[in-house]
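Good morning, colleagues. Please have the sequence and the model open as I speak.

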Amino acid sequence: MVQLHVLFEHAAGYALFAVKEVEEIGMLLPMVEECVTKIAKFTSMVSLAAFFPFKSAQGALENINAISEGVVHADLRLFLETNMPQSKKKAMLGVSDSKIGAALQEELSFSIQTGGVVVEILRGVRLHFHSLVKGLTAQAASKAQLGLGHSYSRSKVKFNVNRADNMIIQSIALLDQLDKDINTFSMRVREWYGYHFPELIKIVADNSTYCRLTQLIGNRKELSEESLESLEEVVMDSAKAQAILDASRSSMGMDISPIDLINIESFSNRVVSLADYRRGLQEYLRSRMSQVAPNLAALIGEVVGARLISHAGSLTNLAKYPASTVQILGAEKALFRALKTRGNTPKYGLIFHSTFIGRAAAKNKGRISRYLANKCTIASRIDCFSEVPTSVFGDKLRNQVEERLSFYETGDLPRKNVDVMKEAMKEAGDVTTEIKRKLEKKEKKRKKRESKLHEEVNGGANGTAEIKAENGEAETPVKKKKIKAEAVETPDDVEAPAAEEVETPAKKKKKRKSEAMETEAAEVAPETPVTEKRKKKKIKAE
């Protein structure tokens, strides 16, 4: 008769259950389904044969990773070899996963069963596991499952803080919003200050420069030859600075009160600070793109690359898109309108903002946009799935697009993609090894620094202990001296040297006393036998 054993993998450890009367149970499968929910009936069918608890959380994680990949771990092998019956022909092992079942059959040559009654028995084991294993409570089992679940998820996700594309999505959205706000606020400053100095609008076109000049000039009547240098610093053009000065003298604007001028200056100050913040945000976006998607940034630019990632939702989503989708990403409305009206579909979406499409001739815009979308897809996939981020592939892809542009204009044949990619692979290999070497060097330095700090801390603790010990030894005589000093009735105001002077005669007295005692002992020593005889005589007389 074949004996069925069922293997159950739990967060707490491996458990092996022996199933009674397997043939009967196999025939009466609906009966098994009914008995699963009731612990009394279920224990009459299934009994715990062996249980192997995991020693640590790390061990549990290693075992669960091995099971998920269909690999037999050393702990599982030892557990089954120890607890399964010796005659492998008569023993049958039931497992939940066919993948691990195949691995066990190959390595340990057990006869494996995965479907049918095994599934129902494992369902019952999962339901009553804490009752079947002695010393395991439901709370402890759930805690083990939760802890192992979290550690397993962390090991699979391998989340890297430096590669987070959420920051790019947020920063590009904020950048676009700031552009709109700065433009609106600048127009408000132009209108407001235009009442006082309307000629300045025609001379200075840039919004942030106009706001800076508003702050600097204030009341146009106060402008003089002395303020020409400061105007040149803001405008960066001596001719424009002179034009502003001349216009202020013959301006058609109305006079303005000091309180209105204060309000205009404070508002323009806000606009200038927003413009400065926008510049800082653009630098931040550039640095994040160089870390997250360096190849895409090198190919199409940081801002356009960030917009593509933002529109796709994440870099992974963008990497999953085909080139045809990337080409019209951002032009969905136009696409569906064209499909509805049976008109021409759009040739480009967000990638239109790259310089390549603007430089191409009108007849070649569609062709270059299709080619650029293809290269963007390659770059995004490399960025998404490469371990060490480098911009080598992005630079090579950019050169390919440049060559294709020149081919459309002049007819010069571009290089083959295979040759370019071989070059890029070679360069990328060198760059990655260099980056890895630098990272290892940094790690070594960090470890050295930590070990030095640890040694210093330990050395400091030992040193303080030694100092304390020395202080403890030195303190005892000091205390005695103080007591003696008090006996001599020294006043509180007496300094340390005076205390020493008090102590020295005390020492001399001690020496004198000891010398006197020694001389007395020497004198008494020869008389000791006589005194002993007298004592004996007295005792006899009594």
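Residues are numbered from 1 along each chain as its sequence is written, and side-chain values use heavy atoms, with hydrogens and water left out.

The predictor's confidence in each residue, pLDDT, runs from 0 to 100. The chain averages 81, and 80% of the residues score at least 70. Helices here are DSSP runs of H or I with at least four residues, and strands are runs of E with at least two, numbered from the N terminus. Across residues 519-531 the pLDDT stays under 50, and the model has zero contacts there beyond four places in sequence; a contact means heavy atoms within 4.5 Å. Where pLDDT is low, the predicted coordinates should not be read in detail.

I turn to the aromatic rings. A search of the whole structure finds eleven aromatic pairs. Rings of Phe, Tyr and Trp (its six-membered ring) pair if their centres lie within 6.5 Å; planes under 30 degrees apart count as stacked, over 60 as edge-to-face and the rest as tilted. Phe8 and Phe129 have ring centres 5.1 Å apart and planes at 50 degrees, so this pair is tilted. Because Phe8 belongs to strand β1 (residues 3-9) and Phe129 to helix α7 (residues 117-132), the pair ties together parts 121 residues apart in sequence. Phe8 is buried at 5% relative accessibility, and Phe129 is buried at 2%. Buried means under 20% relative accessible area, exposed over 50%, and partly exposed in between, with a 1.4 Å probe and protein chains only.

Tyr14 and Phe79 form a stacked pair, 6.2 Å centre to centre with 25 degrees between the planes. Tyr14 lies in strand β2 (residues 13-19) and Phe79 in helix α5 (residues 74-83), 65 residues apart. Tyr14, Phe52, Phe54 and Phe79 form one aromatic cluster.

Finally, the charges. Arg190 lies over the face of Tyr210, 4.8 Å from the ring centre; the criterion is NZ of Lys or CZ of Arg within 6 Å of the centre and within 35 degrees of the ring normal. Lys365, in helix α21 (residues 365-385), touches residues including Tyr348 and Ile357.
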